[in-house]
Amino acid sequence: MSVTEARPTVAPDKAAARLRLGFLGIGWIGYHRMKAIADTGTADIVAVCDPSAEMAAQAACLGPQIRQVANLKTILSEGVDGVVIATPTAL
């Protein structure tokens, strides 16, 4: 069996689906990561969480579908495909 034959096939509708991402930590690094991902158009940012209401509000302005949420549990309840964690190392 060749490497090509061993690859699983993906249904066309699944291959084109955009990822749904949440962001935990929207400081300088988190905000710039989020903006870079959003600018690619390959993912939808659906939820952000940060202890600074000001930073969360700034991040939420990047897209009308972005919700400010209170914690990681709420991000996960949004049905995200992944979470970008950009919190300080100590946290």
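A residue is called buried when its relative accessible area is under 20%, exposed when it is over 50%, and partly exposed in between (1.4 Å probe, protein chains only). By that rule Ala56, Ala59 and Ala60 of helix α4 are buried. The model is predicted: local features need pLDDT of at least 70, side-chain atom pairs count only at pLDDT 80 or more, and totals for chains, interfaces and linings use all residues. Residues are numbered from 1 along each chain as its sequence is written, and side-chain values use heavy atoms, with hydrogens and water left out.

**Overall make-up**

- The chain has five helices and four strands; helices (H or I, at least four residues) and strands (E, at least two) are DSSP runs, numbered from the N terminus.
- Their order along the sequence is α-α-β-α-β-α-β-α-β.
- Of the 91 residues in the chain, 30% are buried.
- The chain exposes about 6,100 Å², and 59% of this comes from carbon and sulfur atoms; accessible areas come from the Shrake-Rupley method with a 1.4 Å probe, and for residues only the protein chains shown count as cover.
- Among contacts (heavy atoms within 4.5 Å) with a separation of 6 or more, 57% are between residues 24 or more positions apart.

**The sheet**

- Four strands form an open sheet in the order β3-β2-β1-β4, with parallel pairing; two strands pair if DSSP finds at least two bridges between them.
- β3 and β4 (82-85) stand at the edges with a single partner strand each, so one side of each has no neighbour in the sheet.
- Strand β1 (residues 19-24) runs parallel to β2 and is joined to it by six bridges, and Leu21 has Ile45 of β2 as its bridge partner.
- β2 and strand β3 (residues 67-68) pair in the parallel sense over two bridges.
- In this pairing, Ala47 is partnered with Arg67 of β3, and Val48 with Gln68 of β3.
- Strand β2 (residues 43-49) is mostly covered, with six of its seven residues buried.

**Crossovers**

- β1, helix α3 (residues 28-40) and β2 make up a right-handed β-α-β unit.
- The path from β2 through helix α4 (residues 53-60) to β3 is also a right-handed β-α-β crossover.
- Right-handed here means that, with the strands pointing away from the viewer, the path from the first strand over the helix to the second runs clockwise.

**Helix α4**

- As stated above, Ala56, Ala59 and Ala60 are buried in α4.
- Seen down the axis of α4, its buried residues fall within an arc of 100°, so they line one face of the helix; the arc is that of the directions from the helix axis to the C-beta atoms.
- The cover over the buried residues of α4 includes α3, β2 and β3.

**Val84**

- Val84 lies in strand β4.
- Leaving aside residues up to four places away in sequence, Val84 touches Gly22, Phe23, Leu24, Arg33 and Ile37.
- Val84 and Met34 are 50 residues apart along the chain, and their C-alpha atoms are separated by 8.3 Å.

**Cysteines**

- Cys49 counts as buried, at 7% relative accessibility.
- Cys61 is exposed, with a relative accessible area of 68%.
- Zero disulfides are found in a search of the whole structure, a disulfide being a pair of cysteine sulfur atoms within 2.5 Å.
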